[in-house]
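Have a look at the model below, and then we'll go inside.

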Amino acid sequence: MFFGLDLAQLQAYWWVVVSLLGGLLVFMFFVQGGQGLIDRLSSNEEEKTLIINSLGRKWELGFTTLVLFGGACFAAFPLFYSTSFGGAYWVWLAILLCFIIQAVSYEYRKKQGNLLGAKTYETFLKINGILGVFLIGVAVSTFFAGSAFVLDDMRFVRWEHGLHGLEQLGNPFNYLLGFALVFLSRILADSYFLNALDSAAIAQKAKKDLALNTALFLPFFLGFLAWICLKDGFHVDESGAVSMLPYLYLQTFLSQPYILILLLVGVVCVLGGIYLSFIGRKGIFPLGFGVVCAVMAVFLNVGLGESAFYPSSTDLQSSLTIANASSSYYTLSVMSYVSLLVPFVLGYIVYVWRCMDSKKLGLRDMDEHAY
């Protein structure tokens, strides 16, 4: 089946897979969003424990999705993987540290005799919930802003800034997606708590917080879309040469309407999911579907359009496209068959989710959990 496709089709297929996993990963950020709301939504230690236990039953699903996303990037686009992780290593190490302390916190927060105490581990959870998500947003923004790297003739990367990725914090436009993801993760968390917890007090606070985070999310998200649509893009011509072209990403939306439709469907579903959560219905699922669609649309724009998906702002010709950064034809073909297992992984996530949320979690259930 996949061996009947040509190389360009396989590269496009794998970029769609990466985009889908990226969308699912952002949906799973409701765990990180909830961690940042521990104190805002709880009035006492029992409510705080209820919130953390609810998130503790889901954080591994998000970690599984993160591993899948990283594995797909490594398998399909190894030059991107080596360039980004090998050059911008300080920002990726900071992100990795944020996720390490998350895992440690769920493991040790309630263990008797731990040296740091529960408050320290709760602080770690908040760092992961805010800083970890923000830094991922900044990292993804470099797909449009460019990064300071040069590839030599042997395709080894040389980073032109001593901060190795952290210099992107000096570009205020990168903050748009960073903050948008932070507030989106909190919207997802509020909707999740309304669906999963049996607590009127937490539900009342979650609805108020949902309104606040929606009001904060929209300006940053719309600002990000305006920025990428109005800025010059890293255009790739038929020969593979890269040059700057005004309104490139806007032109991609208009010339490939299926990407624009996917984005609009995502936005409508996100707004619809928020409304359903307000009126007491299960808004987390349409909200999650909308998030996946919107994130996929952003990824597809930069990957399937006539642009470099990981551009170099220092040396335009070092920019990476899905054509020059991908694995070989044979590797992509074989790995495409492996990718057919992704629906089974998604099915596992859905199954585990349904089992865990067969009934709402309440204070009476706290003796059964130990996060």
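A cavity is a set of points on a 1 Å grid over the protein atoms alone where a 1.4 Å probe fits but cannot get out, and its lining residues have an atom within 4 Å of a point. Grid points are joined across faces, edges and corners, and a volume is the space filled by probe spheres set on the points.

Keep in mind that this is a predicted model, where local features need pLDDT of at least 70, side-chain atom pairs count only at pLDDT 80 or more, and totals for chains, interfaces and linings use all residues. Residues are numbered from 1 along each chain as its sequence is written, and side-chain values use heavy atoms, with hydrogens and water left out.

So what's in there? Three cavities of 30 Å³ or more turn up. Two or more lining residues come from each of α6 (78-87), α7 (89-108) and α8 (118-145), and α8 gives the most, with four. Sorted by class (Ala, Val, Leu, Ile, Met, Phe, Trp, Tyr, Cys and Pro are nonpolar; Asp, Glu, Lys and Arg are charged; the others, Gly among them, are polar), this lining has nine nonpolar, five polar and no charged residues.

The second largest cavity holds about 60 Å³. Residues lining it include Leu-25, Trp-59 and Phe-99. Here α5 (59-76) and α7 each give two or more residues.

Technical notes:
1 Å grid on protein atoms, 1.4 Å probe; cavity = no way out; pocket = protein on both sides within 12 Å on 5 of 7 lines; lining within 4 Å.
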